[in-house]
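Here is a short briefing to read alongside the structure. Keep the model open and follow the residue numbers as you go.

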Amino acid sequence: MEAKPESHKLIFEKEGVYLHTNAKRSTQDTTIPGFIRIVERDGEPALEWSPVEEDMRNAPAVFYTKKEGEGGEEETKFDPGYEPDWAVISTVKQERRHEHPPVRATGQWGSFSLPLSELYSLRRARFSLARNFLVLTTRGGDPLPPLHFHQGGARELLKAMQRYIRLAPSPMDGRLFLAYPHDSGALSQSFDELHLFDDTSADLVSRFIQDPYATTFGGFSKVTNFFRGALPHTHHESPLSKRSPQDAHCPHPADEEPGFELITCGAELGPRPEVKRGKPLDNWDQFLDPEGRVTDPQKVKELVFRGGIVPSLRRKVWKFLLGFYPWNSTTKEREDILQVKTDEYFRMKVQWKSVSEEQEMRNSLFRGYRSLIERDVNRTDRHNSFFSGNENPGLALLNDVLMTYCMYNFDLGYVQGMSDLLSPLLFVTQNEVESFWCLTGFMDLVHQNFEESQEAMKQQLLQLSILLRALDPELCDYLDSQDSGSLCFCFRWLLIWFKREFSFEDILNLWEVLWTRLPCENFHLLMACSILESQKEELIGSNHDFNSILKHINELTMKLDLQSVLCGAEAIYLQLTHCKELPLKVQEVLGLRVPSSSSEESPDSEPKETHTLLTQSEARGPSSCQTFNGQTPQRPPPTYP
């Protein structure tokens with residue numbers, strides 16, 4: 001009896017989807033162009049990729065079939081330009097359901113086919129100011145090469161996939177989505193109901209980057225309310241919570257979903273010491289030798305950390321803290337440096353000033369930067385006399401410095417929030433050139449906060465969670481119970497270093513303290529812990545839910561006492577470092593231990609997720625605590641603030 005020929009239906013097809021054979025470089029020699037398709041084979045939908053060359057040699061015998069009742073025109077295509085960044089990845093390996101792998105592949109860089117029933121989860125990803133890419137993994141944990149959408153189309157692909165599966169956002173990670181069959185009643189709400197694909201409703205974290213001050217309440221409450229309705233009856237059946245009895249005492253696998261790892265000290269932290277602030281640095285000349293070199297930079301930093309700088313000296317000292325001048329430079333060398341940097345600044349300024357209207361009309365990226373800067377300049381610190389009024393020259397300087405920074409770093413360009421970083425620098429230096437180069441030094445510390453990959457922001461939120469879990473498990477448990485364990489309400493704090501939480505004068509003091517990088521490079525995370533602990537009684541005592549937690553945290557703006565927060569943060573640092581059994585991950589966050597990985601992952605690298613390493617503890621319970629002798633080993637330069 002003859003076997004029935006296999007039937008094919010082409011449901012979706014997109015050209016311009018590449019494999020990159022080199023994760024670090026993207027050139028013609030390291031990219032393989034191809035097609036991504038959703039194909040029904042004998043009624044079973046599968047996601048398939050094949051290279052262009054293979055398609056030309058052996059075109060698949062599949063045909064595009066429209067649904068009944070549809071006309072002869074294709075479905076409306078989405079604009080393949082700016083779209084949400086997506087990726088496919090598995091974070092928790094399941095038991096294999098097949099004796100053989102469900103993926104058919106022709107080689108390391110050949111075509112493959114993945115039945116959609118074997119898709120486990122989705123994670124979005126995007127290289128900084130580049131294209132979306134997808135990393136596919138089966139339910140059995142079989143990884144596939146990342147797919148790079150050079151011509152857009154990720155959104156269309158996901159829309160097509162939703163004909164066969166449902167995608168449920170993870171409550172622990174806003175960029176992770178689990179795949180379920182359509183008959184899962186608890187997940188009856190689709191992405192359309194959440195409006196995650198609306199042009200006016202971009203990815204929550206991307207919307208934070210675009211407008212970190214207005215997004216806090218709407219988007220996160222929308223997603224959280226969805227989980228309240230969708231997941232309560234399936235929580236214990238979720239693939240994320242399934243572990244066999246024999247696995248109960250085993251460490252979680254390295255790729256398990258972050259956020260499910262319990263970080264505890266296993267030992268008492270001991271009393272928190274009392275800390276007092278010192279006097280500000282008020283005598284600069286005592287640290288200069290006859291030729292103008294700073295004789296003891298470390299002592300200067302310690303004094304600045306303890307008490308800040310008197311206003312009259314800020315302009316001088318800030319230029320050292322932000323790398324405008326080397327600490328060992330002489331007075332004559334600094335004069336030469338200023339001349340060189342002045343010439344370089346105005347060369348870059350002339351570049352954008354000389355762009356004609358015709359040129360600008362053909363450069364949408366440049367035009368977008370200019371428009372965004374003009375809009376933000378008009379609403380940045382207008383209460384400050386330096387920037388108030390419609391014809392204020394301070395506004396023109398703010399605009400020109402930000403436009404010149406776009407020429408200095410065109411890959412990053414301008415992102416909302418950067419004007420908040422520049423305004424205090426311009427206010428203190430009162431100089432266009434000096435404020436620009438101080439901004440470049442500041443951006444060297446925080447530029448990854450503004451990159452589209454958003455990995456640095458996600459990493460910092462996870463590190464903050466690690467610290468808070470070690471300090472106050474009760475508060476963490478309460479936040480978890482109110483769907484706030486992701487600490488998303490701290491996003492704005494970390495993005496622009498508390499710029500909107502304190503008064504303008506306080507920010508001048510706070511930033512100079514943070515620029516010293518003492519006592520550790522993540523001192524801003526300890527500040528966040530200090531603020532959260534100070535609000536513990538209010539949060540728990542008033543039984544705040546998710547939305548009211550967001551509201552309460554937002555209303556702390558201009559109500560916090562900076563000196564109390566700084567004292568609390570330093571006291572937390574001393575309390576943790578005096579603990580002889582501090583968890584390894586806490587030690588890493590504090591810079592007390594070099595991470596075990598020999599090379600840190602860049603936020604733009606693929607497909608490994610840095611935050612997975614940060615949230616995986618070495619073991620469970622008190623036995624996981626390692627003896628710590630209190631010494632601080634030399635640590636490599638950080639990749640983010």
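Pro519 sits in the loop that runs between α17 (504-515) and α18 (523-534). A cis peptide bond links Leu518 to Pro519, with omega at about -10°. Bear in mind that this is a predicted model.

**Backbone geometry**

- As background, most peptide bonds are trans, and most residues other than glycine have a negative phi.
- Asp42 is not a glycine, yet its phi is positive, at about 55°.
- You will find Asp42 in the loop between β2 (31-41) and β3 (44-51).
- Asp42 has a relative accessibility of 52% and therefore counts as exposed, the cut-off being over 50%.
- Gln430 also has a positive phi, near 55°, and is a residue other than glycine.
- The loop between α12 (418-429) and α13 is where Gln430 lies.
- With 46% relative accessibility, Gln430 counts as partly exposed.

**Helices that pack against each other**

- A pair of packed helices is described by the angle between their axes and the distance between those axes.
- By class, the contact of α18 with α21 has 12 nonpolar, 3 polar and 2 charged residues.
- Helix α8 (residues 331-353) packs against helix α13 (residues 432-446) at about 85°, with 10 Å between their axes. α8 and α13 are therefore roughly perpendicular to each other.
- Lys341, Thr342, Glu344, Tyr345, Phe346, Met348 and Lys349 of α8 meet Glu432, Val433, Phe436 and Trp437 of α13. This contact of α8 with α13 has 6 nonpolar, 1 polar and 4 charged residues.
- The axes of α7 and α12 cross at roughly 120° and come within 9 Å. α7 and α12 are therefore oblique to each other.
- Arg314, Arg315 and Trp318 of α7 make this contact with Pro424, Leu425, Val428 and Thr429 of α12. These residues divide into 4 nonpolar, 1 polar and 2 charged.

**Buried helices and residues**

- How many of the 17 residues of α14 are buried? The count is 16, so α14 is largely enclosed by the rest of the structure.
- The length of helix α14 (residues 455-471) also agrees with expectation: at 1.5 Å a residue, its 17 residues should span 24 Å, and the end C-alpha atoms are 24 Å apart.
- Helix α2 (residues 154-161) has 7 of its 8 residues buried, so α2 is largely enclosed by the rest of the structure too.
- The buried residues of α2 are Ala154, Arg155, Glu156, Leu157, Leu158, Ala160 and Met161.
- Ser329 lies in the loop between α7 (311-321) and α8, and with 2% relative accessibility Ser329 counts as buried.
- Setting aside neighbours within four places in sequence, Ser329 is in contact with Gly292, Arg293, Phe320 and Arg334.
- Gln587 belongs to helix α22 (residues 584-589) and is buried, with a relative accessible area of 4%.
- The C-alpha atoms of Gln587 and Leu467 are separated by 9.5 Å, although these residues are 120 residues apart along the chain.

**The chain as a whole**

- The protein chain contains 23 helices and 10 strands.
- Of its 641 residues, 55% are buried.
- Taking contacts between residues at least 6 apart in sequence, 73% join residues at least 24 apart.
- The accessible surface of the protein chain is about 29,500 Å², and 50% of this surface belongs to carbon and sulfur atoms.

Methods. Residues are numbered from 1 along each chain as its sequence is written. This is a predicted model: local features need pLDDT of at least 70, side-chain atom pairs count only at pLDDT 80 or more; totals for chains, interfaces and linings use all residues. Side-chain values use heavy atoms; hydrogens and water are left out. Axes are lines fitted to C-alpha atoms, for helices over the stretch in contact, and angles run from 0 to 180 degrees between N-to-C directions. Helices (H or I, at least four residues) and strands (E, at least two) are DSSP runs, numbered from the N terminus. Angles under 35 degrees count as roughly parallel, over 145 as roughly antiparallel, 65 to 115 as roughly perpendicular and the rest as oblique. Contact means heavy atoms within 4.5 Å. Ala, Val, Leu, Ile, Met, Phe, Trp, Tyr, Cys and Pro count as nonpolar, Asp, Glu, Lys and Arg as charged, and the others, Gly among them, as polar. Buried means under 20% relative accessible area, exposed over 50%, partly exposed in between (1.4 Å probe, protein chains only). Accessible areas come from the Shrake-Rupley method with a 1.4 Å probe; for residues, only the protein chains shown count as cover. The expected span of a helix is 1.5 Å times one less than its number of residues.
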